[in-house]
Amino acid sequence: MNESTKVGFIGLGNMGAPMAANVAHSGIDLIVRDADQNLASKIAYASGAVAASSPSDFAEVEIVVTMLPTSTIVSQALFDWGDGVVHHLAPDAVIVDMSSSDPTQTKELGKILKGHGIALIDAPVSGGVSKATTGELSIMLGCDNAEAIAKALPIVESMSSVIFRTGDLGSGHAMKALNNFVAAAATTAACEALVIGDRFGLDQHTILNVLNSSTGRSWVTENVLGPHVVDREYGSGFSLALYSKDVGIAKNLAAAVDDPAPVCTAVAGAMTNALSTLGNVDHTEAITFWEQERTTRGT
Ligand code: NAD
């Protein structure tokens with residue numbers, strides 16, 4: 001990559017905004033895009049990037065990062081905005097999908113993009129908004145195209161140096177879904193413990209303190225449970241809809257390899273039920289549904 005390499009970034013929400021800012025701050029010539037044009041202008045102004053107003057603004061862009069809700073939206077953002085961003089990119093461009101996408105759809109998208117002379121890398125992330133901001137995300141990079149990886153790596157590294165090479169295209173997205181299934185299992189189990197303990201008469205701060213210095217400790221209990229669940233801030237920056245989507249992807253992955261995945265199925269069910277009642281709240285607010293559900297069942 002040389003200094004004049006043009007990079008595009010699509011999707012400037014809770015995660016995309018701080019990630020794009022880190023790319024811009026590393027001195028890269030960046031063009032940003034979000035369906036919310038006001039948001040794109042705001043992020044562009046704050047980070048010294050340029051906000052795209054039409055797909056042709058992506059002319060000669062060599063690397064595009066996507067940080068969008070789902071696989072379907074990634075395809076829409078690339079093909080369905082005006083005459084399509086993909087038709088304007090530089091020859092041999094590389095797209096790095098850092099969203100938590102579905103690995104099966106990623107493989108299909110890879111084939112379609114190959115037909116346009118574009119390489120696809122999956123590089124989903126973990127660490128939430130805080131690590132996106134500090135540039136310390138865990139990145140799970142899938143792709144066996146060495147040339148594409150070499151081209152995109154400096155951009156990926158501007159968002160974090162913690163990069164795991166997971167295998168072929170789609171393997172990063174599969175790994176991400178499995179990681180989020182494990183984290184969601186920790187979340188639902190910890191919330192269940194809070195609800196049960198509370199009903200028995202235990203103080204929730206006591207439960208939290210004991211978990212965090214005992215074998216029940218996890219990233220969830222240390223970073224999310226205290227402020228967002230026990231202290232009821234409900235502001236982790238990760239929505240219940242996106243979290244449910246990830247556990248759903250893990251469930252589909254299990255089905256694809258013929259595994260009944262009873263724990264994943266139970267966690268997915270708990271999250272889907274909360275989502276259908278509460279709507280798309282911060283995922284930490286799901287405890288209010290689980291508390292209510294148990295109260296109703298108990299009466
Ligand atoms: P978000 O909902 O905050 O942001 C998504 C952004 O995409 C929004 O700004 C929206 O306007 C934009 N968008 C939607 N459709 C678009 C389109 N067609 N074209 C252009 N822009 C479009 O979501 P987020 O929390 O930033 O998550 C993004 C991805 O990262 C998801 O796949 C999520 O699962 C994953 N993720 C989230 C977290 C987290 O803590 N929030 C952590 C790791 C991974």
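Guide: Let us begin with a term for accessibility: a residue is buried under 20% relative accessible area, exposed over 50%, and partly exposed in between. Please bear in mind that this is a predicted model.

Visitor: Why is Arg-232 called partly exposed?

Guide: Arg-232 has a relative accessible area of 31%.

Visitor: What makes Arg-232 and Glu-291 a salt bridge?

Guide: The rule asks for a side-chain nitrogen of Lys or Arg within 4 Å of a carboxyl oxygen of Asp or Glu. In this pair the closest N and O atoms are 2.9 Å apart, so Glu-291 forms a salt bridge with Arg-232. Glu-291 lies in helix α12 and Arg-232 in the loop between α9 and α10, so the pair ties together parts that are 59 residues apart in sequence. Glu-291, at 22% relative accessibility, counts as partly exposed.

Visitor: How do you know that Arg-217 and Glu-222 form a salt bridge?

Guide: Their closest N and O atoms are 3.9 Å apart. The limit is 4 Å, so the pair qualifies. Arg-217 is partly exposed at 48% relative accessibility, and Glu-222 is partly exposed at 46%.

Visitor: How many salt bridges does the rule give?

Guide: The count comes to three salt bridges. One of them joins Lys-245 to Asp-246, with the closest N and O atoms 3.0 Å apart. Both Lys-245 and Asp-246 are buried.

Visitor: Why is α3 called roughly parallel to α4?

Guide: Helix α3 (residues 71-79) and helix α4 (residues 103-115) pack at an angle of about 20°, with their axes 10 Å apart. Angles under 35 degrees count as roughly parallel, and so α3 is roughly parallel to α4. The crossing of α3 past α4 is right-handed. Residues in this contact include Val-74 and Leu-78 of α3 and Leu-109 and Ile-112 of α4. By class, the contact of α3 with α4 has six nonpolar, four polar and no charged residues.

Visitor: At what angle do α7 and α11 pack?

Guide: Helix α7 (residues 171-200) and helix α11 (residues 262-278) pack at an angle of about 65°, and their axes are 10 Å apart. The crossing of α7 past α11 is left-handed.

Visitor: Which residues of α7 and α11 meet?

Guide: Phe-181, Ala-184, Ala-185 and Thr-188 in α7 meet Val-263, Cys-264, Val-267, Ala-270 and Met-271 in α11. This contact of α7 with α11 comprises eight nonpolar, one polar and no charged residues.

Note on methods
Residues numbered from 1 in each chain as written. Predicted model: local features only at pLDDT ≥ 70, side-chain atom pairs only at ≥ 80, totals over all residues. Heavy atoms only, no water. Buried < 20%, exposed > 50% of the residue type's maximum accessible area, 1.4 Å probe, protein only. Helix = DSSP H or I, 4+ residues; strand = E, 2+ residues; numbered from the N terminus. Axes fitted to C-alpha atoms, helices over the stretch in contact; angles between N-to-C directions. Parallel < 35°, antiparallel > 145°, perpendicular 65-115°, else oblique. Left-handed = near helix turned anticlockwise from the far one by under 90°. Contact = heavy atoms within 4.5 Å. Nonpolar A, V, L, I, M, F, W, Y, C, P; charged D, E, K, R; others polar.
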